[in-house]
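I opened this entry to record strand pairing and the contact between domains. My notes follow in the order in which I looked things up.

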Amino acid sequence: MRLRVEYKKGQEIKYLSHLQLIRLVERVLRRAQIPYALSEGFSPHIKLSLGTVLPVGVWGVREYFDLELTREIPPGQFMEAVNRVAPTGFEVRQAKIISDKAPSLQAQVNAAVYCLVLKPGVEEERARTTLEDVMRGEKLMVPKRGSATEEKDLRPGIYRLSLGKEEGVLVILALVSSGSKDNIRPDELVLCLEDRGLAGAFADVYRMANYWRQPDGSLSSPLDLEKV
């Protein structure tokens with residue numbers, strides 16, 4: 001049996017690395033006495049596969065992992081057992097049984113929405129003008145991660161930028177490419193916007209959701225995907 005799980009990685013644990021997050025999930029599954037499956041070999045590990053990596057310092061509202069089980073367990077029972085022992089900052093929000101033959105999250109998730117929270121006092125017109133300039137640009141070059149000389153063009157991977165408000169604070173919602181092809185990191189997006197008019201304007205960044213973006217531009221949740 002295979003479960004696809006939607007969880008929240010809250011602000012309290014946003015500085016955990018990807019490997020530390022995997023270890024946290026494994027500890028929680030053990031404490032909750034979930035009947036997880038183990039790999040074979042000399043060093044067996046839980047058959048757990050997390051979705052796209054969140055950079056250290058970025059938290060996420062709707063993140064995902066796939067988990068193989070040795071026996072069937074109702075999704076509601078799984079959620080209750082895990083959340084009962086989970087630390088602050090980690091919460092299972094939904095769970096769904098999926099086919100054992102369903103593609104991996106890495107193969108399905110190819111888009112994400114980031115929320116870039118602006119500092120109080122940033123003028124709405126300033127933010128709007130910056131977004132319009134960015135979306136009009138044919139190329140949006142930023143330094144390539146890990147290279148002192150190469151650059152990366154973000155423009156092909158930025159699908160939509162919009163301005164909104166969250167609890168009275170201005171935010172930028174960015175729908176961007178995620179995964180292996182044209183992957184846009186949130187720090188790259190912030191750098192791009194800072195260089196084009198919003199220097200020092202950001203208070204926080206988090207990932208709101210992950211999606212499968214289809215060729216026609218429509219978006220599907222990983223919980224609704226059985227095949228691509």
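I counted two strands as paired if DSSP finds at least two bridges between them. The model I examined is predicted.

Entry 1, strand β10. I located β10 at residues 202-213 and found it mostly covered, with nine of its 12 residues buried. I then listed its partners. Strand β3 (residues 59-68) pairs with β10 in the parallel sense over two bridges, and W59 has Y206 of β10 as its bridge partner. Strand β5 (residues 111-118) runs antiparallel to β10, joined to it by eight bridges; I noted A112 opposite N210. Strand β11 (residues 219-220) is also antiparallel to β10, over two bridges, and R213 is bridged to L219 of β11. I recorded β10 and β11 as a hairpin with five residues between the strands. In that turn, G217 has a positive phi of about 95 degrees.

I took domain 1 as 2-107 and domain 2 as 111-220. Their centres, over C-alpha atoms, are separated by 27 Å. I found 14 residues of domain 1 in contact with 13 residues of domain 2. The two domains bury about 1000 Å² between them, 47% of it on carbon and sulfur atoms. On the domain 1 side, T52, W59 and R62 lose the most area to domain 2, together 43% of what that side buries.

I counted two salt bridges between domain 1 and domain 2. E63 forms a salt bridge with R207, with the closest N and O atoms 2.6 Å apart. Eight residue pairs are in polar contact between the domains. I noted that β3 supplies six residues, the largest share of the side of domain 1 that touches domain 2.

Key. Residues are numbered from 1 along each chain as its sequence is written. This is a predicted model: local features need pLDDT of at least 70, side-chain atom pairs count only at pLDDT 80 or more; totals for chains, interfaces and linings use all residues. Side-chain values use heavy atoms; hydrogens and water are left out. Buried means under 20% relative accessible area, exposed over 50%, partly exposed in between (1.4 Å probe, protein chains only). Helices (H or I, at least four residues) and strands (E, at least two) are DSSP runs, numbered from the N terminus. Domain bounds come from an automatic or database domain assignment. Contact means heavy atoms within 4.5 Å. Buried area is the accessible area (1.4 Å probe) that two parts lose on being put together, summed over both. A salt bridge is a side-chain nitrogen of Lys or Arg within 4 Å of a carboxyl oxygen of Asp or Glu. A polar contact is a pair of N or O atoms within 3.5 Å; within protein, one must be able to donate a hydrogen and the other to accept it, and residues adjacent in sequence count only if both atoms are side-chain atoms.
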